[in-house]
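Let's take a friendly walk through a protein structure together. Have a look at it first, and then we will go through some of its features.

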Amino acid sequence: MPRTVTPAPWEELVTSALLGTDRRPAEGGGGPGGLLDAAALHTVQRRAGLLPASAAARPEPAPADPRPPLPPAARRRLAQLLADRSAPGGSGGRRGTAPDLTELIPQWLATANQHGYRAPAALLPSLLDAARSRTDLRPQALAFAGPRGLWLAGLNPEWRFALRGSSGGSLLPDVTEPEAVARLWEEGLFAERVALLGAVRTHDPAEALALLATTWTTERAEDRLMFLDSLRTGLSGVDETFLEQALSDRSRNVRSTAAELLSALPESAFAERMADRAMSCVSPGLTGDEASVSVEAPHECDASMERDGVVAVPPSGRGERSWWLGQLVEATPLATWSVRFGGRAAQEIVGLPVADGWAEELHAAWCRAAVRQRDPKWARALLGTPSVPPSNGPGTASLAERSKLLAILPAAERAEWVADFIAAHGLSEAFQLLGVCPTPWAEPLGRSVVDALDIARDAGSYPWSFSGVMGLAERCLNPAEADRLEVLTTTPDEPEDASPGANGYWSEAFQRLVSTLRLRSAIDLELIPG
Amino acid sequence: MHTADPAARWTVEQVLALAPDETSRRAGSNLGSAGPWSGGGCDGSGAVWGLCKGSGSKPYRTVVDTTGPAYTCSCPSRKFPCKHALGLLLVWASGASALPAGEVPDWAGEWLTGRRKRVADMGKKGGPTTGGASATGPADPDAARRRAERRAGRITGGAQELEQRLTDLLRGGLAAADQSGYGLWEETAARMVDAQAPGLAARVRELGSIPGSGPGWPVRLLEECALLHLLDSAWLGIDRLPEPLAATVRTHVGLTAPAEGPPVRDHWLVLAQYDTPDGKIVTRRIWLYGRDSGRTALLLSFGAAGRAPGLALPVGVTVDAEMTPYPGAGRLRAELGEQFGVPSPTGTPPPGGTAAAAIGAYGDALRDDPWLDARPVTLREVIPVPSGGGWQLVDAAGEAALPVAPSALSRPGLWKLVALSGGAPITVFGECGHRGFDPLAAWSMDADAGACGVDADGVEISSIDTMSEIVPLI
């Protein structure tokens, strides 16, 4: 045991220990043993005399969150969903009969946000982690995380994503305070200014336009593009003058965005100019005795067309005349055509034969116009009857284009159209179309999907050929369907021509479907305020 | 006594904490919805049962006694608890109607009755828990004494050998230890295991990791070498030490005396449970706080070669049980004795103190145990504050701060703590020592904690503190 009265200074001991007592004997001699004795005394003394550190600057407390807390059952459920997300492995193999909990997080968050609950503080870190790895969760997750989530994200660089974007509601000044708004607009960072403009635009479109006009000429081209894009929200005739000016902007991207926005305003002078040009190209004609559409594509792209945002040089592989025609028709108000074709309705116009093989080009441009102008009548006409095979129908055969057109139709009509489509053509092409249907799927859509799955099973194929649709069904079918689906979970005798073992897998897949639906209805019940 | 209502449910986190590994946790989660379950139920004695549809034609029979907790399942898995038991508990925890309160069916009752009888018998006999020499003592005290002497002799040999290694190390210089790496220490640790001194072995293994632990490692290595030298010297001169210190030295060397003395019966709140790998075994530490005695107790449990330690108590439950302390090292370590009734899912946090007092108390404790790395403490009204690259816990009503221990900085629990606090004062339990404060549990002051308004004995809880819920941070 050490009995030293005045031990050697600690630094000396460390140096001796580092170099070795052979090379550098410890002060006061004693070799390694003496050095260790002295060091032990030092160590215990230092530890026994530890004092508290002095406190660093405290962070601002998190802003209060007045939303009500979650019901206990819903809180437990969220913990379970988030815990399952973070558990590694397990995926890749057979999916089994149990629900995929991770896929239910978006629905859980959306429902919780509808009820306006506050997120439990202890779950905020897992929530932010989930939002970090899955961008599709971010808007709902951040809304749910609320001010405390944002406060927390500010302390951890891994969650910096939460501070970006427009969801940082609490960081923005009150849009009704003109001075604060003006100051942030003048001094803020680009992201803050985009968020601010968006917020003001949502509150009062005209005020946002005025705010943008104050600094428009001094903004950089790429910033002008982003700001101009914010005007999509609440676009109206009030914006026309500003957009007309933007048509002569120095930047080509700004010009074409301005043109695109103007084309969504059928009353604008721009729309009228485009309509004049388009009408000189597309006119009623006669093929034999029948009415038809005759097309004379433009021969040149003059300076005034270019000013109105028409891009002169086509992408490689496309003829320039058809390229120009497409742009003119796309930017022309659809109402123009009814007048042009003797008061015919959209459906009739789309049904007219088109001369000289221009049909595809013309219909594709009408599709783009219908999407841009959000015109349900034209969308309906261009989609045609769901039972007609896509390749023979009007409009477009592209599923991506079709789902865009579908998105314009009223919710109920959308579901009905897709239901008929599935009834006629099965599930193989339905995935993208199902994606635009509002959830939970309204009848007859749900039934139509289930019937199609049942038919696929009877046909003896394996369920994983339909795993995309199965996954959608788990998330989108009305939970009330669970009981009706129960009969499908049994394993019937295998037909002779079936793929071996397919029936077992199907029954497993249907069991998962049923248990997911049950879970979803439990989730909804748990979130109902008690 | 307890009411006949179904026993209070655990939380999802509490259930998942029982999983022996990540794979089971995942597999259990997948079975944690009503889907695959049938014929299930639970009752007031803490039993939960259910039939789980598997790949075979017969469903698995799963029964859990939540008072243990203890599990049985007809599946062939050697995991413990198996995924079915975890899934069943998750269904139970989420309060699903799939497990209504009811009578225990025959297929579950047999095991439950058998198990409870065994537990009761053990309690009556006194078992190893109440620790009389009569229960554990071998028939021949002379032989036992001779065995103890032989072991002490081996440890002395080990301590001398270790002393020699330390002397050689200091002679050649710690700088050389940087190059020699793990191998040297692993070999020395193995020698200490042979010498039947697991405590020394663990400390030696610890030394091996210090040269790779970042800037300042020579200082830390010298400190730990010096304390190991102090422990060697103390063992070699143990005859001259007063008894409490001698007991502490024996404990640190790894010569554990059996738990002894009168057991303490109390309502023990489970504050934390965590596992640390220690060579080839896993050590599980469970911290408990006795509501009436005010004592803090540590339960240790060991699992060999990839198996989870046998003892598992979910954080946040309160168990009415007897604890028998082990001698030495502040008598914190205890052995779990008989349990009475069903664990209740709530509990009151320990009273706690300031950050300034916590570090002072650690310093004082070194007087009795200079090898103490940290001691358990509850901090009341502290605020987590970022400081440099790390974090501090700052007294809300003062300027004293405890740095958060480096090991805790990379754990997700740190962010839970910060989220719970939201910049406001909070109650935290953890281990406070020379490396800083290692937070293990915190109490959320949220009104959304979801705790029941009634405690284990049916007494209504009124104070705001008791309404708060414990959140595990590890």
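The accessible surface of chain A comes to about 24700 Å², and carbon and sulfur atoms hold 53% of that surface. Such areas come from the Shrake-Rupley method with a 1.4 Å probe, and for residues only the protein chains shown count as cover.

This is a predicted model, in which local features need pLDDT of at least 70, side-chain atom pairs count only at pLDDT 80 or more, and totals for chains, interfaces and linings use all residues. Residues are numbered from 1 along each chain as its sequence is written, chains are lettered from A and ligands numbered from 1 in the order in which they are written, and side-chain values use heavy atoms, leaving out hydrogens and water.

Of the 530 residues in chain A, 47% are buried (under 20% relative accessible area, 1.4 Å probe, protein chains only). Chain A also has 26 helices and three strands (DSSP runs: H or I of at least four residues for helices, E of at least two for strands, numbered from the N terminus).

Now for chain B, where an open sheet of four strands has antiparallel pairing and the order β1-β2-β3-β4 (strands pair if DSSP finds at least two bridges between them). Because β1 and β4 of chain B each have a single partner strand, one side of each is left without a neighbour in the sheet.

| Strand of chain B | Residues |
|---|---|
| β1 | 37–42 |
| β3 | 60–65 |
| β4 | 70–73 |

β3(B) and β4(B) pair over four bridges, and B:D65 has B:A70 in β4(B) as its bridge partner.

Technical notes: Buried means under 20% relative accessible area, exposed over 50%, partly exposed in between (1.4 Å probe, protein chains only).
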